[in-house]
Amino acid sequence: MAQEFYIECPKCNHIYNVHKMIYDQGADFLQFCPMCMARFSRKEGKIISANFPVA
């Protein structure tokens, strides 16, 4: 199973999955919401769940 996490977009509240390699880029790396196309840092979004340990 691929390592991934689910994050909630702070702009539109859409929840979507992201691969762990993006998580490994750091909290300031910009996420991209596929629904509203907003860009935001991981620390702005809310991690809903993950299938690996998150700090």
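Buried here means under 20% relative accessible area. In this predicted model, strand β2 has a covered face made of Tyr16 and Val18 and an uncovered face made of Ile15, Asn17 and His19. In a regular strand, side chains alternate between the two faces of the sheet.

## Strand β1 and its partners

Strand β1 covers residues 4–8, and four of its five residues are buried, so the strand is largely enclosed by the rest of the structure. On one pairing, β1 meets strand β2 (residues 15–19) in the antiparallel sense over five bridges. Within that pairing, Tyr6 has Asn17 of β2 as its bridge partner, and Glu4 is bridged to His19 of β2. Six residues lie between the strands of the β1 and β2 hairpin, where Asn13 takes a positive phi near 65°.

Strand β1 also runs antiparallel to strand β5 (residues 46–50), to which four bridges join it. In this pairing Ile7 stands opposite Ile47 of β5.

Phe5 belongs to strand β1. Its relative accessibility is 0%, so Phe5 counts as buried. Beyond its neighbours within four places in sequence, Phe5 is in contact with Tyr16, Asn17, Val18, His19, Tyr23, Gln31, Arg42, Ile47, Ser49, Ala50 and Phe52. The C-alpha atoms of Phe5 and Phe52 are 7.9 Å apart, although 47 residues separate the two in sequence.

The model has three aromatic pairs. Two of them are set out below.

| Pair | Distance between ring centres | Angle between planes | Class |
|---|---|---|---|
| Phe5 and Tyr23 | 5.5 Å | 75° | edge-to-face |
| Tyr23 and Phe52 | 5.2 Å | 70° | edge-to-face |

Planes over 60 degrees apart count as edge-to-face, and the pair of Phe5 and Tyr23, with planes at 75°, is therefore placed in that class. Phe5 lies in strand β1 and Tyr23 in helix α1 (residues 20–23), so this pair ties together parts that are 18 residues apart in sequence. The pair of Tyr23 and Phe52, with planes at 70°, is likewise edge-to-face. Here Tyr23 is in helix α1 and Phe52 in the segment after β5, so the parts tied together are 29 residues apart in sequence.

In soluble globular proteins, nonpolar side chains tend to be buried together. The largest nonpolar core of this model holds ten residues: Phe5, Ile7, Cys9, Tyr16, Val18, Tyr23, Cys33, Ala38, Phe40 and Phe52. The elements that give two or more residues to this core are β1 and β2. Tyr16 and Val18, both in the core, form the covered face of β2.

Val18 is in contact with Glu4, Phe5, Ile7 and Gln31, leaving aside neighbours within four places in sequence.

Gln31 is found in strand β3 (residues 30–32). At 2% relative accessibility it counts as buried.

Glu8 lies in strand β1. Glu8 is buried but has no salt bridge, and the nearest side chain of opposite charge, that of Lys46, is 4.6 Å away. A salt bridge calls for a side-chain nitrogen of Lys or Arg within 4 Å of a carboxyl oxygen. Leaving aside neighbours within four places in sequence, Glu8 is in contact with Asn13, His14, Ile15, Phe40, Gly45, Lys46 and Ile48.

Conventions
Residues are numbered from 1 along each chain as its sequence is written. This is a predicted model: local features need pLDDT of at least 70, side-chain atom pairs count only at pLDDT 80 or more; totals for chains, interfaces and linings use all residues. Side-chain values use heavy atoms; hydrogens and water are left out. Buried means under 20% relative accessible area, exposed over 50%, partly exposed in between (1.4 Å probe, protein chains only). Two strands pair if DSSP finds at least two bridges between them. Contact means heavy atoms within 4.5 Å. Lys and Arg count as positive and Asp and Glu as negative; His and the chain ends are not counted. A nonpolar core is a set of buried Ala, Val, Leu, Ile, Met, Phe, Trp, Tyr and Cys residues joined through side-chain atoms within 4.5 Å. Rings of Phe, Tyr and Trp (its six-membered ring) pair if their centres lie within 6.5 Å; planes under 30 degrees apart count as stacked, over 60 as edge-to-face and the rest as tilted.
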